[in-house]
Amino acid sequence: MRLRNAAVTAAALAASALVLAGCGSNGGVGGSDDVEQNTGEKATINYWTWFPPQATLDAAIAAFEEENPNITVELRTFEAADYQKQLPLALSGGESIDVVGVQVSAMTNSVKDYLHPADEWTGDWLADINPTMVEQTTSIADDEVLYSVPMGSIGSPLMYYNAAMLEELGIEVPATAAEWKVAVDEIKAQKPDVTPVVFTGEPYWQEEMLFGIAEQNSPGLSDDIIGGDGAWDQPALIEGLNTYKSIFDDGIVGTDVLSLQGTRPSELFSAGQAAFYIDGSWQNSLLSAAYRSENGIELEDVGVTGLPVIDGGSPAVRALAEGGLAIPAASKNVEAATAFIKFMVEAGGADVWAKDLVLVPSLDGYTLPDGVLESDAAQQGFQTASTLIGAPTSKRDSQQDFLNQVEGNAILDVLRGTKTAEEAAATMQEEWTSGRYPHGSDQ
Amino acid sequence: MTTTETSTLVTRAGERRQRRSPARGVRGRSPFRGGWYVVLFLGPLLLFYGVYFLYSFGILGMVSTERVGLTFRNAVDVGMQNFVLVLEDPTFQRSLINTIVFGLFSVLVALTLGFILAMMLASGVRMRRLFYTVFLLPSLIPMSLFATVFSRMLETRDGAINDGLRNLGLGFLAQDWLGDPTAAYVAIGILLTYTIGLPIMYYTTDVAQVNASIVESATLDGASVWQIYRIMLFPLLRTTHITVILSVILGSFRAFDIIYFSTGGQPGGRTDITGTYIYKATLGLDRVGYAAAASIIVLIIALIISVVQIIVRRKAS
């Protein structure tokens, strides 16, 4: 009898749970095609984004509102990681938003069902946007439809260097592993307290380094594996793993660097305690003397270049369109939203936000306003970075779960000598095809 | 000595039985014996907790059989596939073993070092309050902050631990704390040892309830301090041990912040626990169902540990 009562109670509880869960999992309705549009003279548009910084956005919005006095922009900004989770939930909940920033790689597929396809609101002005960046933004969507217009592009890996320190020591900016080794030995000899080369040892970053080196001889390798049907245990990747390890074996980079986490490499470089700092183009602000001054970075001069060529080939950078601007299907202000997006990607807006140097602007032929970059190292460096990013060897596309659980750790095992390149590549391939990390046509 | 000990403990056990007998009588009666106002007070709370837990578990259960993302749209029913994939994943298996090993290590530290420190503090040592504060502080501040600072200390080249060792002339002990698996386990062991404050608090609270005359009798009979701790106090505090064991082991399932902000699972994911595994599992597209399946498996294991503990506790009582 007691058992029966318990069973009935359990069944009732389970049923309640399912009913409650069912109520909650609807997810709301978004993307209605029949949204009545605002036909009034004035419009207020709600703009959600995570990028660029608030001060830059405020300046860009002020410039837009001056040009368009009938449109008011209400801005809401988020921290990047929060935004990836909050925007999909807000859109599915029917939140009133007119313009959204979309992290092209990380968010396009999670929000595209709630967005207007871009061909419904863009016009001839789309032809002024870098076609590679438009194509990247289009192809990242599962259905290969353009949902957002990219403000620019980011790429990695790039190598920032303390130009003043190199000049003081009489060191040339290295272009090959041999030159890099000479530079590192010189720094070790003359400035023993300085770490010659720093980058983060976190698993996610190892993919950037691996493909940045492997694609010097095998351009398109990342696209072949992550974006295509290529195998992780193919010879080109194994060779890339061994080449990456060689910069540790040759003493260019110490394995102690792999213990650096988070913002620590940036802090070391900004404090003058590291000579070379490898990261992505989102650190381009370091090139600006004004930025360094405003942020208390006491480096006299900073330059940037591609990763030195390790074992032949050419410098390689993976890049992807970023800072996509899109219009939710539920927006009642599509016309005003379109005007705002057009302003942001064209020279009027770019002149405001491009000064931060975080993105290489998507507007074809765009050049930075005079005075943004002062030194030769900064100007030439920015030009080099822009050229590399403008012609990337692969899309900067990652499968985050695989990268954090498997790939990053396998690469680190090779660097620390725990596994051979062949073993690590086999592990990656085995896990990639295990069914645990749906990719490509599996999704 | 032996006779006195035995008789004292028998007498104490008898006292305990007498104290507990009324409670056992209550257990056999109607739960509503206290009157309608008991239901009035407890009802809303039970409803609140019931809805919260049922809703959460209901969502987890439903999602765990789907391939679905954060928007919960376009879900694909995959049956039990997520559970099979999680259980077959060597990374999950390793993180589960780590969770249990770290939990057992914490239990060992709590039952030995924690017990000894608590007894020393209870014995009236000078500056007792200062020591309490020192031991409790790591348990009172956010572990994420504590672990982040610790992570900085673990840096191979400029970390405070290696720097300190070098300054003391012990440079040969400096380690690649995040690169060598053994060193990483030692680092986590040190970090877990810092969380000994709560077990110390449990022990010091319960040891105050021990009848002082027992200790006095033993002292008069010539028992050494070590004998009093080992033969008398340690067995007398067995219910406290069980509380400590349960709280520490279940706490190890919630040690996400300790691992994530200290080693980040390094080297090569070898110090990951179930919490960090589930977090990383949610990072991919349409992986919410997979992470939900992993969560349910961990939940079931934690429930099994709780049930075993309850059974052991009842038998011990």
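**What joins chains A and B**

Me: How many salt bridges lie between chain A and chain B?
Reply: Between chain A and chain B the count is five salt bridges. This is a predicted model, in which local features need pLDDT of at least 70, side-chain atom pairs count only at pLDDT 80 or more, totals for chains, interfaces and linings use all residues, and side-chain values use heavy atoms without hydrogens or water. Residues are numbered from 1 along each chain as its sequence is written, with chains lettered from A and ligands numbered from 1 in the order written.

Me: What makes A:Glu267 and B:Arg152 a salt bridge?
Reply: The closest N and O atoms of A:Glu267 and B:Arg152 are 2.9 Å apart. A salt bridge needs a side-chain nitrogen of Lys or Arg within 4 Å of a carboxyl oxygen of Asp or Glu, so the pair qualifies.

Me: Which residues of chain A lose the most area to chain B?
Reply: Chains A and B bury about 3,800 Å² between them, 53% of it on carbon and sulfur atoms; buried area is the accessible area (1.4 Å probe) that two parts lose on being put together, summed over both. A:Gln405, A:Arg416 and A:Arg436 lose the most in chain A, together 18% of what that side buries.

Me: And why is A:Phe64 called buried?
Reply: Its relative accessible area is 0%. Buried means under 20%, exposed over 50% and partly exposed in between (1.4 Å probe, protein chains only), so A:Phe64 counts as buried. A:Phe340 is buried too, at 0%.
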